[in-house]
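These are my notebook entries on one chain. I set down what I looked up, entry by entry, with each criterion given where it is used.

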Amino acid sequence: MDVQLPDGIKSEMGLVYDKAKIGEMTGQQQNYLMDIESLQSGLGYIDRILNDLILGFYSQDGSEYKGDKKEAIKKISISDVETLLIKIREATYGPIYYMKGACTNCGKVNDMKLDLSTLEITRSPDEVKGTNPELALPRSGKKAQLKLMTMDSMHKTFKIFRNPKAKAEIITTMAAMSLKSLDGKENPESDDLKPIPIMDINFINDEYKKLSGRIDTNITHQCKDCEQDFNNKLNVVDVNFFSLT
Ligand SMILES: [Zn+2]
């Protein structure tokens with residue numbers, strides 16, 4: 001299956017490879033999903049699925065990326081990873097995915113049917129790919145430099161969500177992960193963002209949206225009980241996402 005990626009990779013020559021060919025899951029990848037010890041230790045199974053099932057990266061005119069595929073997978077964005085996982089599921093079981101979601105108004109658990117092939121993909125502009133835009137933060141006047149969040153950020157996020165104390169710092173942690181530098185410091189951490197005005201953090205998040213493309217995984221559904229609309233986010237790193245529903 002051919003997949004359009006929101007971001008893709010840029011070669012040293014400046015060529016953009018934002019299409020991928022993927023395969024479907026076989027018994028081999030099913031085994032990764034049954035490896036309880038590995039599943040509990042992190043998102044290693046995502047790396048393994050991607051390394052097995054991404055067959056190649058391509059440019060818009062169809063030329064294949066000749067660089068190291070494993071290294072390329074480390075460089076693609078979180079949005080690319082989400083897109084690839086959704087398309088791998090689609091290639092394996094077809095586009096229809098059944099999920100359950102609790103209504104945020106009344107709490108009723110609803111059965112939802114989703115067509116994965118209709119999720120909207122927004123591509124980042126070619127000119128921002130592979131760049132690290134410099135920002136002047138409007139409130140503090142500090143300088144910051146953005147970077148694309150990759151699989152590495154997903155691994156960190158997974159660990160954060162397991163630790164309730166760290167989870168409370170999700171806003172500053174996510175903003176830190178989207179920065180290459182802050183006020184001259186390379187690879188800032190959550191603590192570095194704590195004294196930064198919230199307006200500056202919002203600015204960082206807004207500017208990041210211009211750097212990264214996305215796949216829309218927010219699902220709006222009308223509750224069958226209270227008839228109000230509620231939003232649910234598709235969780236593509238959940239092991240259950242790769243089961244037949
Ligand atoms: Zn409801």
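**Entry 1: the nonpolar core**

I looked up the largest nonpolar core, which has 40 residues; A20, I22, L50, I54, L84 and L179 touch the most other members. I take such a core as a set of buried Ala, Val, Leu, Ile, Met, Phe, Trp, Tyr and Cys residues joined through C-beta atoms within 7 Å. A residue is buried if 20 or more other C-beta atoms lie within 10 Å of its own, exposed if 12 or fewer, and partly exposed in between, with C-beta atoms placed from the backbone. Helix α5 gives the most to this core, with 6 residues. Domain 1 (2-122 + 215-242) and domain 2 (126-211) both give residues to the core, so it lies between them.

I note that this is a predicted model: local features need pLDDT of at least 70, side-chain atom pairs count only at pLDDT 80 or more, and totals for chains, interfaces and linings use all residues. Residues are numbered from 1 along each chain as its sequence is written.

I then checked L50, which touches I73, V81 and L84, not counting residues up to four places away in sequence. Contact here requires C-beta atoms, placed from the backbone, within 7 Å.

**Entry 2: the two domains**

The domain bounds come from an automatic or database domain assignment. I found the C-alpha centres of domain 1 and domain 2 to lie 23 Å apart. In the contact between them, 15 residues of domain 1 meet 11 residues of domain 2. On the domain 1 side, β1 (2-10), α4 (69-75) and α5 (78-93) are the elements that give two or more residues. By class, that side has 7 nonpolar, 3 polar and 5 charged residues. Ala, Val, Leu, Ile, Met, Phe, Trp, Tyr, Cys and Pro count as nonpolar, Asp, Glu, Lys and Arg as charged, and the others, Gly among them, as polar.

Helices (H or I, at least four residues) and strands (E, at least two) are DSSP runs, numbered from the N terminus. Two strands pair if DSSP finds at least two bridges between them.

I read the order β1-β2-β3 in an open sheet with antiparallel pairing. β1 and β3 (54-58) each have a single partner strand, so one side of each is left without a neighbour in the sheet. Strand β2 (residues 16-22) pairs with β3 over 4 bridges, and K19 has Y58 as its bridge partner in β3. I also found α5 lying across β1, β2 and β3, at about 160° to β1. Axes are lines fitted to C-alpha atoms, for helices over the stretch in contact, and angles run from 0 to 180 degrees between N-to-C directions.

Which residues form the covered face of β8, and which the uncovered one? I found A144 and L146 on the covered face, K143 and Q145 on the uncovered one. A144 stands opposite L182 in β9, and L182 has K185 as its bridge partner in β10. In the hairpin of β7 and β8, with 6 residues between the strands, G141 takes a positive phi near 75°.

Key: Two residues are in contact if their C-beta atoms, placed from the backbone, lie within 7 Å.
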